[in-house]
Amino acid sequence: MSCVLLVHTVGGPQLELTLPKVAAHAVVHVLAVTEPPARGRGLWRPLCASVTTVEPSGTDADLVDVIRRRAVAVRADAVLTLSESAVVAVARACHELGLAGPGSNVVARAVGRQGHGEPHLVGTDGDALLDQVVPGDAEGWFTESGWSDHVTVEGIVAGGVHHPLCITGRLASERSFTARSSVTPIPLSEEAVPRIESAVRAAVEAVRLDTCATHTEVRLGTSGQLRVTGTAARFGSAAIIRQAEEVHALDVIGMLVRQLLGKPVAYPSRLLTKGQGAAASLVVLPVHSAGQPRPREAPWDLDAVDWMSSISPGGTVEVALEPSLDDGTAVRLYVSGADARTVAEACLSIVDSLPTPPLLDLGRFAELSGSLAGQRYVKVVVDRERDRCHFLDHTEHAFHAHYIADRILGVDRAKLLATIDAFNHSLYRDPDRRFLLGALSLQHHEPPGPGAEPERCLVLETVEADTMGAALLMEFHSTVRARLDPSLPLLLKPANHLQEAAIEAVPEAELPRVLAHASHDATSFTVLNTGDTQGRLRHFADLDAYRAAEAHGGIEWYDILAMPVVPDDIPQVAGLIFTRPTTPLSHTNILATGWGIPNAVIHDLPARLVTAHGDLSGSWVHYAVTSDQIVLERATEPAHLTRVARRPAPVVLGTPRTEPLPIRPLSRLRADDRHAYGGKAANLGELHHVLRHGSPAVIDFYSAPRPPHPHLLPQLAEQLGAPLDSTPEGLIGYAGVFLRDTLSVPEGIGLPFCVQQEFLTASPALQQRIGLLKQALTLGPGDEIDALCAEIQDLVRNTAFPDRILRDLVTQLVRHVPGTTALVVRSSSNAEDLPGFSAAGLYESVTQVTDLPHLAAAVRQVWASLFSARGVRLRHAAGIALDDSYMGVVVQRRRPAAYGGVMVTCNPARRDDFRNVLVNCTVGSVQAVVEGTVLPLQYLFDTVEGGGRTLSLGDATEGLDSTGRERLSRLALAGRLLQGHFRGLSDHATSLDVEWLLEEDGHLCVVQARPYTSPR
């Protein structure tokens, strides 16, 4: 009879199960590398010809030698092990003895600092081979719900040919419990089985095994994807072997023994998925019903459970004797270490034994980094629990959260998305968080002290919504510092005002830092409007040089203008470049946005102009601005320039209303009145209405889907101080109260278009000049247009104001703006704030009116601005006829202000940023901001998670105090709410452009609101 040497050690099926199967086909000698357990000995010991216990020195070579010598001694025809820790040693021994076995292509994979390990391919370093944790999803793979995404396939390789035998699965695990069970059969769909079988076969054949058992683990995924996560040269657990026997009548151990002995084996023709009945295994662990480990030891009592009540009639329950306890034996606590032996334990022990990863130097930074706003950056994750610092490869990992889920926690992304708010809270707000997240950017920093040269450094910052305090920020900095090249300085940049306040008391020697506004000002470029164009680059050293070229007719529609500060009276051109800092909210930049042309601040423009082929100034270039980079390169000038090809379609106006209408208080106007009173007047009327009556649309921005969130209403509730479970109707009420408490609109009146028309038609001289201007526009551009426009403006300013209009104007002011001693007179046209034509800065306003004669002159000045040569030409180029252009007038109470500014309810530099609102601010009047005569304070406020940060101090030496910033934060949230209301009234605006004042008493006042015009 044939002889088999069975090598036994820890792991694998118990001897009480395996010995009868082997002994049915051969005489069995047992070589025990570890002492066999006493329980069940009476069942298996009589079946053995001999049992020899040895204690190898611990090396694989020593164990191989012991197996080889024992096999020779018993004249073994086959050597077999079902224990995972001995697979490699048996494979090598069989190869040396010339016996059938797994083959020479298998060597050990370490499982930490202890154990003999599992197989992996030749040529790998067993002490450093790691598995990637991959997400899974069972949906679509089974014909019924409730199953895990993990399945295993048992098989046998016979002379290099793989024979899949049967498949086993698991029920889906409840949260907090450890998965320690399996079920056979499983209800896979008909389409799933051949795909799994094919993948398993390919994986096993790739390992190039000879003759052995195989146990292949498969992770099912979304969209029909699957991953083979491991293939071992052994069978699975004892439970899987018993389940195969009960359901499929397969004696897999006996089949393997016969194959090793060279005897015939009847293999199934296909992977078995159905059988007789069902079988499952169950491992009982000392945990509470919630899945948490018990705090104290308790005696084992098998009979305390009515096992038969848990299965169907006719079923049986078996107890595996070898790994089980005797009744009355204390069950040890379920803790990490030898008692648990989970896959996570093994993986972590491998990680602990790995060599320390290399420090991040500039070379590795370049390999890993991506680009954002012209800066190279690398994402960082610090795992505080494992004391690890991870630098993410930008090409592989777009988001911190995905990396943590995939690579560290092994959490399925679909499940992650289902609990995304709780997960984000654990990452960004939990004071006891496990992970610290941020990014490293490569910048140039100017050290303090006279004559100090800028030095290259790395800047570490968190995401804007992160609430890290001083202790966590210092820990984050020190942990990352320890993983960097020591020659690279590391500065911390607080990501928001909360972090700035948190570290204010920390000495810079302990926490080197750079504030956000200083980092922003040090960037090589600032995006003002994205776009892509080709044209002639015109670089002017100053405004005087530009005016000289303009006076000689040298500015063309295809020019790209570059100068320190671009004025707001430019004609429509192909692109703009500032060489000094500016605000995106000046009239010039609002115009560029409406025109849809690329626009940026490029601090190093002179260096960019010098190329190997000469200076780019005066050359035809390709100019592109994205949120991440500037492209400025030489291009081929087209042979024929056709402006018509570049000109946008004509702007479509609504039908103006010029029938007799009264002068009305702004509070009685609504959005539809823009066709009679102009856009500014109608928008101010809408503001009055929303503040007085509320609007169901104020929550629309937060009601829209923001994947992975179906909406942002809980975030809005938190910002408003409302209950997190508030209904939409409840939030509308809270939002209305918030707006009334936060904002006001100055009282005022609106003069309709018909008043201007009455004034113009009463003057024959004006009618004659306007007729001539229409003829000149029909004939084409010429010098006479500018002269006619100047004449018309002069006539409007000096023509007497009709007594009836003046009496009506005074009457309405006394009634609706009583007691005022100072007024503001604003333009309100139908030819502004349109898609592709913003008209920002095109029409005049008078901000200091103190008496009646001054009021009449101010109204005439506003009317005259409709006929400026620049305005007429720009409207004509946009397809807006002179006959269709009308001017209304807004007269408002003038509010004295400590600060004024402009807000747009978006981030102009990054249009995909739905969280932040940009607020510009300067001392006194808002006019200085929109005219670009001062550089304002610039803030970004997060209207989803809360908080804000300083982008730039502009011309100021310091920013607002915390009280001032809090008021602007409320302004930003109010703007976001108003955006929802106004978006429903416009067919083109997704954001609002709001001019505001902060009064001495701290109250916020909105003086103008209009669509933040985007290009068509």
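A residue counts as buried when its relative accessible area is under 20%. The legends below describe close-up views of a predicted model.

**View 1. Strand β40 and its burial.** In strand β40 (residues 992-998), seven of the seven residues are buried, so the strand is largely enclosed by the rest of the structure. In a regular strand, side chains alternate between the two faces of the sheet. L992, V994, W996 and L998 point one way from β40, while D993, E995 and L997 point the other way. The residues of both sets are buried.

**View 2. The pairing of β40 with strand β36.** Strand β36 (residues 899-904) pairs with β40 in the antiparallel sense, and six bridges join the two. Y899 stands opposite L998 of β40.

**View 3. The hairpin of β40 and strand β41.** Strand β41 (residues 1004-1011) is also an antiparallel partner of β40, with seven bridges between them. One of the facing pairs consists of D993 and its bridge partner in β41, R1010. The two strands form a hairpin in which five residues lie between β40 and β41. In the turn, G1002 has a positive phi of about 90 degrees.

**View 4. The crossing of helices α28 and α29.** Two packed helices are described by the angle and the distance between their axes. The axes of α28 (residues 803-816) and α29 (residues 852-864) come within 12 Å and cross at roughly 110 degrees. Angles of 65 to 115 degrees count as roughly perpendicular, and α28 is therefore roughly perpendicular to α29. The crossing is right-handed.

**View 5. The contact of α28 with α29.** From α28, L806, L809, V810 and L813 meet L852, L855, A856 and V859 of α29. The residues of this contact comprise eight nonpolar, no polar and no charged.

Note on methods
Residues numbered from 1 in each chain as written. Predicted model: local features only at pLDDT ≥ 70, side-chain atom pairs only at ≥ 80, totals over all residues. Heavy atoms only, no water. Buried < 20%, exposed > 50% of the residue type's maximum accessible area, 1.4 Å probe, protein only. Helix = DSSP H or I, 4+ residues; strand = E, 2+ residues; numbered from the N terminus. Pairing = 2+ DSSP bridges. Axes fitted to C-alpha atoms, helices over the stretch in contact; angles between N-to-C directions. Parallel < 35°, antiparallel > 145°, perpendicular 65-115°, else oblique. Left-handed = near helix turned anticlockwise from the far one by under 90°. Contact = heavy atoms within 4.5 Å. Nonpolar A, V, L, I, M, F, W, Y, C, P; charged D, E, K, R; others polar.
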